[in-house]
Amino acid sequence: MDSILFCDVGNTAIDLLLKCADGHRVDHFFPCEKDRMAAFLKGLEGKSTAYVSSVSSKNLSALEEVLLFRGFSVVRLDKEQMRLSANREGLAIGNLDILGQDLFCDILAAGKNSIVADFGTATKILAVDKEGLFLGGSILPGIPAFPKILFQETDLLPDFLLKGEDTPLLSLKTKECIASGAIHGTAFLIEGYLAELAKRKGLEGARILFTGGNFPYVEKALSKRGDYIRELSLTGLKKAFQVG
């Protein structure tokens, strides 16, 4: 059986969805993990094709090195394919020429009457109305970036890695205060956006979708409910090429 690989290359991680003789496999990699990616793709039979969306040329180069080693032919998502698939799905995307491929795949997967909150390297909000018009988006700093930004712009605040455990809303400890701002602050911002967008004409009853590897940080802090689809961009990539 031929093997089909879908690749979402982000600024931080590379998400891979493989369809092969033994079924489907999904995993997430840092760009430096070339050996682990190669092991993930080991032992495939037949023709191997990789469909790729990317927002990072550096990380794309790391992935393509592995794909070449494993004998994959590579098909990149381009503007023409984006236009064709958007038209096929009845979506009107006015900024298609500048829209990131990851966000396009989110929109394509979500479809009409949807709001997407994508918690990636940056946190993004996207909205598509009932007629399929992409209304636009908002971009916020990604949750793990908060300590680094504050460290770079202040003299007293430390840089550190956020952890996934429960974070108090208020604290007397500096790191917990920063974590609260990053996690609870982001959650409150997202909920504010969702509340305002729900009032917009054409978004009545819109489906709310959460995605991105950093969603677990805010999952408990969010009161708004929605569907969490970790591989939403990969779903959109499959839809763009109508394969797999």
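# Contacts and burial, by question

Me: Which side chain meets that of D15 in a salt bridge?
Reply: This is a predicted model, and in it the side chain of D15 has a salt-bridge partner at an N to O distance of 3.0 Å. The pair links distant parts of the chain, since D15 belongs to strand β2 while its partner stands in the loop between β10 (227–228) and α8, 215 residues apart. That partner is R230.

Me: Is D15 buried or exposed?
Reply: Burial is judged here by relative accessible area, and a residue counts as buried when that value is under 20%. R230, at 22%, is partly exposed, whereas D15 has a value of 7%. Because 7% falls under the cut-off, D15 is buried.

Me: How many residues apart in sequence are the parts tied together by K239 and E89?
Reply: K239 forms a salt bridge with E89, and the closest N and O atoms are 3.8 Å apart. K239 lies in helix α8 and E89 in the loop between α3 (79–88) and α4 (101–110), so the parts that the pair ties together are separated in sequence by 150 residues.

Me: What is the relative accessibility of K239?
Reply: The partner of K239 in the salt bridge is E89, and E89 is partly exposed with a relative accessible area of 29%. K239 counts as partly exposed as well, its relative accessibility being 30%.

Me: In which strand does R207 lie?
Reply: The side chains of R207 and D227 meet in a salt bridge with an N to O distance of 3.0 Å. R207 counts as partly exposed at 40% relative accessibility, and D227 counts as partly exposed at 37%. The pair links parts of the chain 20 residues apart, with D227 in strand β10 and R207 in strand β9.

Me: Why is helix α8 largely enclosed by the rest of the structure?
Reply: Helix α8 covers residues 232–241, and among its buried residues are L232, L234, L237 and F241. Just after the helix, Q242 takes a positive phi of about 55°. Helix α8 is largely enclosed because, of its 10 residues, the number buried is seven.

Me: How many aromatic pairs does the count come to?
Reply: One example joins F6 and Y51, whose ring centres lie 5.7 Å apart with planes at 20°, so the pair is stacked. F6 lies in strand β1 (residues 3–9) and Y51 in strand β4 (residues 48–54), so this pair ties together parts that are 45 residues apart in sequence. F6 is buried at 1% relative accessible area, and Y51 counts as buried at 14%. The count of aromatic pairs comes to seven.

Me: Which residues are linked into a cluster by ring pairs?
Reply: The rings of F210 and F215 have centres 5.1 Å apart and planes at 20°, so they form a stacked pair. Both of these residues, F210 and F215, are buried. The cluster that ring pairs build is made of F119, F210, F215 and Y228.

Me: The charged end of which residue sits over the ring of F40?
Reply: An aromatic ring can also have a charged group above it, and F40 provides an example here. The distance from the charged end to the centre of the F40 ring is 5.2 Å, and the residue that supplies this charged end is R25.

Me: How many disulfides does the count come to?
Reply: A disulfide is a covalent bond between the sulfur atoms of two cysteines. C7 is in no disulfide, and the nearest cysteine sulfur, which belongs to C105, is 11 Å away. With two sulfur atoms required within 2.5 Å, the count of disulfides comes to zero.

Me: Which residues make the nonpolar surface patch of about 360 Å²?
Reply: One of its members, L170, has its place in the loop between α5 (145–153) and α6 (174–197). L170 counts as exposed, at 74% relative accessibility. The patch is made by L169, L170 and F188.

Terms used: Residues are numbered from 1 along each chain as its sequence is written. This is a predicted model: local features need pLDDT of at least 70, side-chain atom pairs count only at pLDDT 80 or more; totals for chains, interfaces and linings use all residues. Side-chain values use heavy atoms; hydrogens and water are left out. Patches are made of residues with over 30% relative accessible area and no salt bridge: like charges are joined within 9 Å, nonpolar side chains (Val, Leu, Ile, Met, Phe, Trp, Tyr) within 5 Å. Accessible areas come from the Shrake-Rupley method with a 1.4 Å probe; for residues, only the protein chains shown count as cover. A salt bridge is a side-chain nitrogen of Lys or Arg within 4 Å of a carboxyl oxygen of Asp or Glu. Helices (H or I, at least four residues) and strands (E, at least two) are DSSP runs, numbered from the N terminus. Buried means under 20% relative accessible area, exposed over 50%, partly exposed in between (1.4 Å probe, protein chains only). Rings of Phe, Tyr and Trp (its six-membered ring) pair if their centres lie within 6.5 Å; planes under 30 degrees apart count as stacked, over 60 as edge-to-face and the rest as tilted. A charge sits over a ring if NZ of Lys or CZ of Arg is within 6 Å of the ring centre and within 35 degrees of the ring normal.
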